[in-house]
Amino acid sequence: MDLKEDKTISEVRTNLALDIEMAKDEGKKVVGLMCSYFPVEMVLAADAIPVGLCGTTEEPISAAEEVLPADQCPMVKATYGRAVGNTCPLFPLADCIIGETTCDGRKKMYELLAREKPMHVMDLPQKPEEKEAQEHWTAEVRKLKLFIEEQLDTVITEENLKRAIRQVNTTRALLTEIHRCRKHHPVPIMGLDLVGLTTASGYCVDRNDYTKRLTVLLEELKRRIREKEFACSPDRPRILWTGLGNSLGCDKVLKLVEDCGGVVVCQEGCGGITRLEDPVDEAKDPIQALAERYLRVTCSCMTPNTQRFKDIDRLITQYQIDGVIDLTWQFCHTFNIESYRVGELVKEKHGLPFLHIVTDFSQSDVGQLRVRIEGFLEQITLGRRDESYGCTQAWEGL
Amino acid sequence: MLPMQETKAESPVFAGIDVGSLTAKCVLISKNGMHAYAVMDTGAKPDKAGETVFVQALDKASAEKSNVRYSVGTGYGRISLSFVDRVVTELTCHARGAHFLDPAVRTVIDIGGQDSKVIRVNPDGSMSDFIMNDKCAAGTGRFLQIMARALETELENLGEFSLTSSQPSRINSICTVFAESEVVSLLASGEKMENIAAGLHRSVAKRVGNMAKRLGLQKKIVFVGGVAKNIGVRNALEDYLEIRFASLDQDPQIIGALGAAVLARERYLSA
């Protein structure tokens, strides 16, 4: 099995759109989602198809900039652009869409997005460690259920919710095992390939397809470890990826890091391993369990976001990390400010090289990114010099 | 300062070639600390500039290409240098070059033609952290080049000239293009040229100084790059940061190429 995702994000989305159109002809409904805070199980329990509509490419942005300010997160612009720019084959297929009050940019953009499709915005509390936050979020999850039932003219039973929870937990468990294969030194798969394959696998109508594809990928990775078929040399600096920029489409920087000689062995945060290792509790009341699990997502819109720091701290050790890269999209104030504390943790507690990158989806700054990434990698590779090595001794041999 | 020696035909020599946006530099070092260097304008073709400055340095050292055991290329034009053995960023090279001259160096402030950077150096000479500005000409050599033209003086004189200022002007614009307009207006309103020059140096110092504060400064601190030859900027930076730069006793413009040469030597010897 070739561990490469050949299709571009555009092709993946177009293929999915064709599959969804066929499913719609058979009476299926489609719910568009924006974010990791959304309990996708709710859509599955309604026997509908969940589709991620978050913008991750440059193409839709110019349409968005006719309405939104240019000084705005590229993800916010691209998401809006997908809705209004006629560049996205999936957006028109959604019967309704769900957003959350995560960051300021999204919150205000959703007001405009709501003109395009029936939309419900969940009120996400910003201090999840408070007891009241959990109560409020649970109430929001109940409201969500009512919205979906009304929009799709259906009833979501407790049984269906429990089944959906088990189904998604199975996917989480498989993905966790896949990600954990990269604890191995050297790794069996490059970071870019893993992100491409896992993103593309998730773009399907039938969840059983998703599970099958992941199972095949996992078996292949295990085989490669057994037969010592590794993706790169053991000398390559092992990088922990934190922040954003983790999926097929907006992988510009991840690709550059691996082109310059690093290998991303672990991703924290959205699209990464941390909430995959965190299943929904199958023993609890399903609404309560969903509300609890989804409030644990570690986006920087939350404060003080303690869990993110615990995760980074633990992953650095577990994955034998040589350096940490923190990616922030331009105009994302929360991740930008939070990067300071991430840098403290990496540099002061772990004594490791840390690179904070701020960029957007365009290709215009690739040269500038390259010198920073190369410099960062040189901190790792040229900083490994044997302290005892002395120039003068070696001269004698010449 | 490294002592200059003449190369014998069989002596091994190591080359560092730094092709920047405005100037190309080459430094040659050897076991005995021999060192020759050459500096020239890069022009439009970085690969040709790299080869030419390399040959110029060899001529100065009376050495042949066959003496050169290993070469490292660096700088903005490093990717186009097809003849070097290895390519390393100017970040690492500046750290290594400064550290080579003084192992107590822990911070390097580099202002070049089109960018400025602050680099933290480990005790072993490797880089521990860095911060760069390469998105905007403000605070770089290009800014000063344009301002010298607006003041109708030579870039090389700008520094000395500003020392006679009694009251530096306040330059409000950050953008190079708008600052140039501001300079023209100040001249028209009778402001003294030396005061304007001193004000411009303060602008550069503030911009680069703020970057340095973000990264954190640790002594010894050195100032390198072409702009380090400008005594006005040097003084303004020392004032703004409330520090004194350590002296490297070497042309500040060649520190990157020197670091590249040191890395070349090290790489060759460890193989």
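I count strands as paired if DSSP finds at least two bridges between them. Helices (H or I, at least four residues) and strands (E, at least two) are DSSP runs, numbered from the N terminus.

Before going further I noted the ground rules. This is a predicted model, where local features need pLDDT of at least 70 and side-chain atom pairs count only at pLDDT 80 or more, while totals for chains, interfaces and linings use all residues. Residues are numbered from 1 along each chain as its sequence is written, and chains are lettered from A and ligands numbered from 1 in the order in which they are written.

**Chain A, the sheet around S5**

I traced an open sheet of four strands in the order S6-S5-S7-S8 (chain A), with parallel pairing. Its edge strands are S6 (263-267) and S8 (354-359) of chain A, each pairing on one side only. The twist averages 30° from one strand to the next. For this and later angles, axes are lines fitted to C-alpha atoms, for helices over the stretch in contact, and angles run from 0 to 180 degrees between N-to-C directions.

**Chain A, around S3**

Next I checked strand S3 (residues 96-100) of chain A and found four of its five residues buried. Buried takes 20 or more other C-beta atoms within 10 Å of a residue's own, exposed 12 or fewer, and partly exposed is in between; C-beta atoms are placed from the backbone. Strand S1 (residues 30-33) of chain A runs parallel to S3(A), joined by three bridges, and there Val31(A) sits opposite Cys96(A). Strand S4 (residues 119-122) of chain A is also parallel to S3(A), through four bridges, with Gly99(A) facing Val121(A).

I also logged a right-handed β-α-β unit made of S3(A), helix H5 (residues 104-113) of chain A and S4(A). Right-handed here means that, with the strands pointing away from the viewer, the path from the first strand over the helix to the second runs clockwise.

Helices H12 (residues 306-318) and H13 (residues 333-349) of chain A pack at about 30°, their axes 11 Å apart. That makes H12(A) roughly parallel to H13(A). I used these classes: under 35 degrees is roughly parallel, over 145 roughly antiparallel, 65 to 115 roughly perpendicular and the rest oblique. In H12(A), Phe309(A), Ile312(A) and Asp313(A) meet Arg341(A), Val342(A) and Leu345(A) in H13(A). A contact means C-beta atoms, placed from the backbone, within 7 Å.

Then I stopped at Pro286(A), in helix H11 (residues 286-294) of chain A. Pro286(A) counts as buried because it has 26 C-beta neighbours inside 10 Å. Its contacts, leaving aside neighbours within four places in sequence, are Glu158(A), Leu161(A), Lys162(A) and Ile165(A). I also noted 9.8 Å between the C-alpha atoms of Pro286(A) and Asn160(A), which are 126 residues apart along the chain.

The peptide bond from His185(A) to Pro186(A) is cis, with omega near 0°. I placed Pro186(A) in the loop between helices H7 (158-180) and H8 (191-201) of chain A.

**Chain B**

Here I found an open sheet of four strands, S8-S7-S6-S9 (chain B), with mixed pairing. S8 (127-133) and S9 (221-224) of chain B are the edge strands. Strands S6 (residues 107-111) and S7 (residues 116-121) of chain B pair in the antiparallel sense over five bridges, and Val108(B) stands opposite Ile119(B). H6(B) lies across S6, S7 and S8 of chain B, at about 30° to S7(B).

Definitions and conventions:
Contact = placed C-beta atoms within 7 Å.
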